[in-house]
Amino acid sequence: MLVVRPARPADLPALERLASGATPRLTNLPAHRDRLEERITRSQRAFSREVEFPGDEHYTFVLEDRERDEVVGTATIRAQAGAREAYYTYRQETLIHASQQLNVRREVQTLSLSHEVSEATLLCALSLNARYKGTSAESLLRRSRLMFIAQYPERFSEILAVAFPGYLDSEGESPFWNSVGRHFFARGYQEMNHIAGVRSKSFIAEVMPQFPLYLPLLTPQARAAIGREHPAHERALEEMLAEGFTRSRHVDIFDAGPVVKVERERLETFRHAAWHPVRIRPAQSLPDAEPAMVANQKLGDFRCVVARYALSPTGQLMLSPEHAEILGVEEGRAVLAAPLALPAAEDALDEGEL
Amino acid sequence: MRIRPIARGDLDGLQALAQQTGVGFTSLPDNRDFLAGKIESAARAFEERTPLDDRLYFFVLEDEENGELAGCCAIVGQVGRDVPFYNYRLGTLAHSSVQLDLHRTIDTLFLSSDHTGNAEVCSLYLRPEYRKSRNGALLSKARWLFMAQFRDRFPDKVLAEMRGVFDENGVSPFWECLGSHFFPMDFNEADRLTGLGQKSFIGELMPKFPIYTTFLTEEARACIGQVHEQTRPALEMLKKEGLRWEGYVDIFDGGPTVEAYIDDVRAVRNSRLCKVEVTTGAEQAERPSWLVATTDMLGFRAIWLGRGPDENDVITLTEEEARRLEVAAGDSLRILET
C-alpha cells in the first residue's frame, strides 16, 4: 500500500538516499544532510502556517510504502519559483535581422536571461526509488501534488511550472553547460549543480552572462540540447504534457532542460477532480473500476493514495477499510478523487507558450 | 615622386590601382562608376564646394618620369556622418562571486559608433614595384602635413582602420566565425558593398547585443586586433606617429582601428613652416629625411628632400624641385624632418 504524505523529520535518512539516488542529480534536491533537514523543517512550517497567497513556502512530500515501512520517493512544491530571489531561466527568442537593401531577412535565435517564471508555482525535486519507476506509484508521487494544489488553490499561483533535468551525454556531461556556463565558471556541470543546490541557483545566475546569447555561436551539441530533457525523464515529461502542461520558451540556465507551464485550470487532474462522500466496503466486495488518485482534506495530514474509482449509484466513493484508514477518513467524509489515467500524450494539444 | 590631389583625369590610373589592391581593401573597389564618383567628390573636396563633414581628400603618388600613378592615400574629414560608421569595441566584463571564489573576466565585443565625427586616414596603397625609396612613408606622412596645414578643417581625433588577418586562401577566420552567421553573403561581397558605401545593411544585419568572445573559435579570437602580414609596416608607421590601438576592431575581419588626437600626432606637432629660396644647384643627402609640402589646398604637393632649412628657417630648393612643387622663391613650405 503506497501513500503520499508530508515529509517528517524522521524521513531525513530516506531523503538523503533519494537525493543521492536521483538520476541525474537534481539541483533542487542536493545530497546534503543539513540542507535536507532544513527542507523538512521548512516544509513543516509551510503545512502548519495559514497562507492566503503564495510566498516562499516549500511543501515537501514523501511516498511511503506501508508494507515495507519505507520511504521510497519524494517531491516538492515551491509555492513561488522565485519568492525571495529571482528564478532564472533562459528564454528562447527570435530576432529578425532584415535588410531591404539586400532583400534578405534572417531569423537569429537568442537565449535571454528571464525572470518570467519566478511567479509560477514550481513542481520540483522529485526522486523515486528505481524499483517503483514506471508504476502507478510514480504517477501518484508526481501528480498527488496537483491534488494538493487543487485543494488549497490560495496557496499557489495560477500558473504551474516544471523544469525537467536537461540532456546529459553518456559521460554525464552537459553539452549546453560545456558550451555556455563553463566559460564563465570554469567548473564542471555536476560540481556547479551541486553548489547551486546547496547554496542557491540565483546567486550563481547573477554571475551568468547578462546579455543574450546568439545561438549560432554555440556548439551544435549545445544547440541540440536546448529544450531537450534528460533521457531518464522522457516519460515524466510525456506524462506532464498529457496532464496539460505545455512546452514553453524557457529552458534551464545550466543544462537547457525544458520548462513546461500550464494555467492550472487546464490540467486534466483539475478538470476531472471531484469531491465524493466516502462509503467503506470490504476490499473483496469493491467493484472493478479504473484507478484514481484519492486525497483527504487534511492540510497538515494530507494523504493521497491510488484506489479504484468505484462510485455507488448515489455518487459515494467506495473505499476499502485499509484505504480509509490510511487517508484518515470515516464513512461520510468527503475525499477528492481524480482519474489516474490521462489521454495519450499525442492527443494532448500543445498550443505553445501561455 | 610626388604627392598631389587626385584630378579628374586620373580615372584610368586609379582603376589600375584598384585592380591590384585585392581582398580586404574596402575603400578602393574595382568599380569604374564608383571610382569616378570618388574622384569627383575628392576633386570637389579640394575645391571647397562640399560641406566640411563629408569631405574626402584623396591623394595620389605620381611617378613624374612616366606620369603613372604609383599609389594613393586619403583622408576622410569626418566618418559616420552620412552613413553609419561601425566597429566593435573590445570590452571586459568581470564575472565574480566571493561565495563561489570566482573571479573571471570575459572579453566582449560591443557594436559601437564611437568614432562618428572623427577624421580617418585611409586608402593607402602603393604598387609593389614602388615599394622602395621611402615612397610608402611619403604616402602615409604627407597626410599629416596636409592636416597640420589645414588644421581647422579637421576634428579633434583621427583614426585608421587596419586590414585584419586572412589565411593563405584569403579567408578571414574572424568573419567565418562571426559575420558569416549574420550576413548571408561571403566576406568579399560584404566587403565590396561596404567599399561602395552601401553600409546600411551592416546595421540591419549585425548582432545588436554584445558578443562574448569566449563563444568564438580560437582562430577567430586570435584575429581580434591583429593585422594582415602585409599591413604590419603601415601599422608600425602610424604607431610611430602616436596612433594607438584602444580596443576597437573592424566588424568584418577583426583588424584593429588605431587612433589619436590630431594635435598629438608627432608629424602634426613637429611640422613647421619655412620660406623658399631657389638656386641653380644645391647639395642633398642621399637618404632624404625632409618631407616638404606646399601650403595651398588645390595645389597641394609633397616630396622628399635631402636637405633641411637653415637657421633662419629658409629652405633652399633647386629649380627642378621648385618646379615639381610648383612654388617660387618667397613661398611658404610646410616641412617635417623624419
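Predicted model: local features only at pLDDT ≥ 70, side-chain atom pairs only at ≥ 80, totals over all residues.

Start by selecting B:R32 and B:D12: their side chains meet in a salt bridge, with N and O 2.8 Å apart. (A salt bridge here is a side-chain nitrogen of Lys or Arg within 4 Å of a carboxyl oxygen of Asp or Glu.) B:R32 sits in helix α2 (residues 32-46) of chain B and B:D12 in helix α1 (residues 11-21) of chain B, so you're looking at a link between parts 20 residues apart. Helices are DSSP runs of H or I with at least four residues, strands are runs of E with at least two, and both are numbered from the N terminus. B:R32 is partly exposed at 37% relative accessibility, while B:D12 is exposed at 53%.

Residues are numbered from 1 along each chain as its sequence is written, chains are lettered from A and ligands numbered from 1 in the order written, and side-chain values use heavy atoms, with hydrogens and water left out.

Hop over to chain A and pick A:R33 with A:E16, a salt bridge at 2.4 Å, N to O. A:R33 belongs to helix α2 (residues 33-48) of chain A and A:E16 to helix α1 (residues 12-21) of chain A, so the pair ties together parts 17 residues apart in sequence. A:R33 is partly exposed at 43%, and A:E16 is partly exposed at 24%.

Next, select A:R143 and A:E243, whose closest N and O atoms are 2.8 Å apart in another salt bridge. This pair links helix α3 (residues 136-151) of chain A with helix α9 (residues 234-243) of chain A, 100 residues apart. Buried or exposed? A:R143 is buried, at 0% relative accessibility, and A:E243 is buried at 0% too. Over all chains, the count of salt bridges comes to 44.

Now show both chains and colour the interface. Contact (heavy atoms within 4.5 Å) takes in 34 residues from chain A and 35 residues from chain B. The two chains bury about 2800 Å² between them, 67% of it on carbon and sulfur atoms; buried area is the accessible area (1.4 Å probe) that two parts lose on being put together, summed over both. How many salt bridges cross the interface of chain A and chain B? The rule finds zero.

Back in chain B, zoom in on B:N135 in helix α3 (residues 135-149). B:N135 is buried, at 4%, and touches B:M1, B:L61, B:L126 and B:Y130, leaving out residues up to four places away in sequence.

Last stop, the cysteines: there are zero disulfides over all chains, a disulfide being a pair of cysteine sulfur atoms within 2.5 Å. The sulfur of A:C124 is 18 Å from its closest cysteine sulfur, in A:C304, too far for a bond. In chain B, the sulfur of B:C223 is 9.4 Å from the closest one, in B:C177, also too far. A:C124 is buried at 7%, and B:C223 is buried at 3%.

Notes: Buried < 20%, exposed > 50% of the residue type's maximum accessible area, 1.4 Å probe, protein only.
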